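User: I would like to go through a protein structure with you. Could we begin with the charged side chains and then turn to other topics?

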Amino acid sequence: MGKLLIKNGTIIDVENGVSFIGAIEVEGNKIKRIMKQDEVLPEGIETIDAKEKYIIPGLIDMHCHINERFAPHFVASGVTTVRNAAGNVNLLQNLIEKPDHAPTPRVYASDRMIDGTPGQWGPTSYGNFVTDDPEEARKEVRRQVEVGAKFIKLYGWIKRDVMEAAVEEAKKYNLEVACDLMNSKELTILDAAELGVNWIEHISGFAQEMYKGWNPLVDQEEWSYIDWDNPDQEKIKDICEKILGYNVKLCPTMVVFDQSMKYPDIWSPKNHVVESTLNINYLMQYWKDNAEYVESIKSRTAIINNLTKAIAKTYYDMGGTVVAGTDTPALMFTYPGMALHRELEIFVEIGFTELEALQAATVNAAKSIQLDYIGTLQEGKIADLVILKKNPLENIKHTQDINLIVKGGKVYNQEEILSSIPSEEEVNKSMQAFIEEWEEASVN
């Protein structure tokens with residue numbers, strides 16, 4: 001990795017909300033210097049002329065489930081870091097250990113989710129751990145610490161005492177705890193907040209707190225009086241104030257509900273990344289299979305779409321942490337990497353400014369998980385940046401109009417990144433090897 005100069009571009013300082021024409025000098029994988037327009041520029045190094053272009057930090061998807069097959073699609077979309085919210089750290093090791101300049105995103109990962117019986121994703125496996133025993137949960141947290149989990153993920157059928165034990169154990173190791181209460185029958189967002197959970201994914205468990213006894217699995221006819229399209233703002237404010245008192249952080253993943261509610265008129269832009277995604281057979285098959293149950297998804301799961309949007313804006317206005325994530329590839333056509341751009345559009349649609357939306361996927365996202373070496377364009381930070389053809393502060397849709405991506409100091413165009421995608425055969429082979437290894441280790 002040598003030196004690089006990007007000159008004449010409009011540099012967007014997402015932290016302070018100012019823009020200026022200047023130059024960025026990169027050395028190795030880091031930003032060495034940021035220069036204003038009138039400063040003398042270094043000569044004799046690789047130079048990119050970014051005249052009439054706009055430079056933003058690499059984007060961060062704060063909730064996804066990454067896979068080697070579509071990892072490059074994130075970087076091709078300008079998403080240089082992802083927070084993997086449940087999976088298996090060992091399975092992701094190849095991606096986690098990649099060098100900074102690789103055409104795959106850096107991965108901040110939790111390990112398998114901890115759920116209650118009988119397990120929403122089936123019995124205990126490499127991807128989930130099912131227990132109703134607090135001591136077992138503590139032991140699992142310790143195992144996850146050992147394999148390198150960056151945070152602990154709890155799931156919606158977990159029992160109260162198990163949640164309490166897992167949170168207590170995680171705190172001993174300074175690990176944050178995230179929870180998905182989408183299908184929770186017993187616990188609400190407030191229960192999780194009181195027990196010390198730091199992150200609520202999808203703003204789940206909020207509807208359960210508003211409407212005691214409701215959850216996506218009950219007979220929805222009985223709850224048909226709820227006006228999901230026009231959420232109760234007073235109730236929202238009241239609960240937001242309570243969870244703000246516990247400093248809970250929210251990742252609303254609005255795109256995942258929005259795509260389902262819009263189906264078949266989904267957001268589906270025509271660009272290289274989306275076209276490439278359409279060639280991934282098992283993803284397309286997964287989304288098509290879900291499409292067969294779309295009415296059920298709409299009436300039970302994605303029904304909280306407008307409620308989630310109202311909460312995200314209210315909580316942010318109160319001073320709460322709200323960051324951008326997608327839950328890719330969940331439910332319906334959450335295109336890897338590109339779905340984050342739709343999430344940013346939704347942020348703006350619900351009343352965030354363009355700058356605030358950008359902050360939710362850059363500086364605020366990085367700060368929320370204490371990654372102080374990414375998220376802004378500053379000297380000494382990792383050189384993850386996206387060069388855009390148009391100004392995203394004028395229209396957030398312009399984040400999709402990508403000229404070049406710099407990842408850990410290396411320059412790529414989208415085609416170069418997309419040409420590095422492994423085949424399904426390669427991915428299946430490494431998946432098979434992992435499963436055999438996992439099963440062998442589980443037996444011993």
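Analyst: A salt bridge is a side-chain nitrogen of Lys or Arg within 4 Å of a carboxyl oxygen of Asp or Glu. Please note that this is a predicted model.

User: How many salt bridges does the structure hold?

Analyst: There are 29 salt bridges in the structure. One of them joins Arg 106 and Asp 100, with 2.7 Å from N to O.

User: Which residue forms a salt bridge with Glu 25?

Analyst: Glu 25 pairs with Arg 33, and their closest N and O atoms are 3.2 Å apart. Glu 25 counts as buried at 4% relative accessibility, whereas Arg 33 counts as partly exposed at 31%.

User: What about Lys 159, which partner does that residue have?

Analyst: Lys 159 forms a salt bridge with Asp 132, where the closest N and O atoms are 3.9 Å apart. This pair links distant parts of the chain, 27 residues apart: Lys 159 lies in the loop between strand E11 (151–155) and helix H4 (160–172), and Asp 132 lies in the loop between strand E10 (128–130) and helix H3 (134–147).

User: Which residues do salt bridges with shared partners join into one network?

Analyst: That network consists of Glu 135, Arg 138, Arg 142, Glu 168, Glu 169 and Lys 172.

User: Changing topic, which residues touch the most other members of the largest nonpolar core?

Analyst: They are Leu 154, Met 163 and Phe 206, in a core of 111 residues. Not counting residues up to four places away in sequence, Phe 206 touches Ile 189, Ile 236, Ile 239, Cys 240, Ile 243 and Ile 311.

User: Where does Ile 6 stand?

Analyst: Ile 6 stands opposite Ile 24 in E2. Strand E1 (residues 3–13) and strand E2 (residues 18–27) run antiparallel and are joined by nine bridges. Their hairpin has four residues between the strands, and Gly 17 there takes a positive phi near 70°.

User: How many bridges pair E2 with strand E3?

Analyst: E2 and E3 (residues 30–36) pair over six bridges, in the antiparallel sense. Ala 23 stands opposite Met 35 in E3. The hairpin of E2 and E3 has two residues between the strands, and Gly 28 in this hairpin takes a positive phi near 65°.

How values were computed: Residues are numbered from 1 along each chain as its sequence is written. This is a predicted model: local features need pLDDT of at least 70, side-chain atom pairs count only at pLDDT 80 or more; totals for chains, interfaces and linings use all residues. Side-chain values use heavy atoms; hydrogens and water are left out. A nonpolar core is a set of buried Ala, Val, Leu, Ile, Met, Phe, Trp, Tyr and Cys residues joined through side-chain atoms within 4.5 Å. Buried means under 20% relative accessible area, exposed over 50%, partly exposed in between (1.4 Å probe, protein chains only). Contact means heavy atoms within 4.5 Å. Two strands pair if DSSP finds at least two bridges between them.
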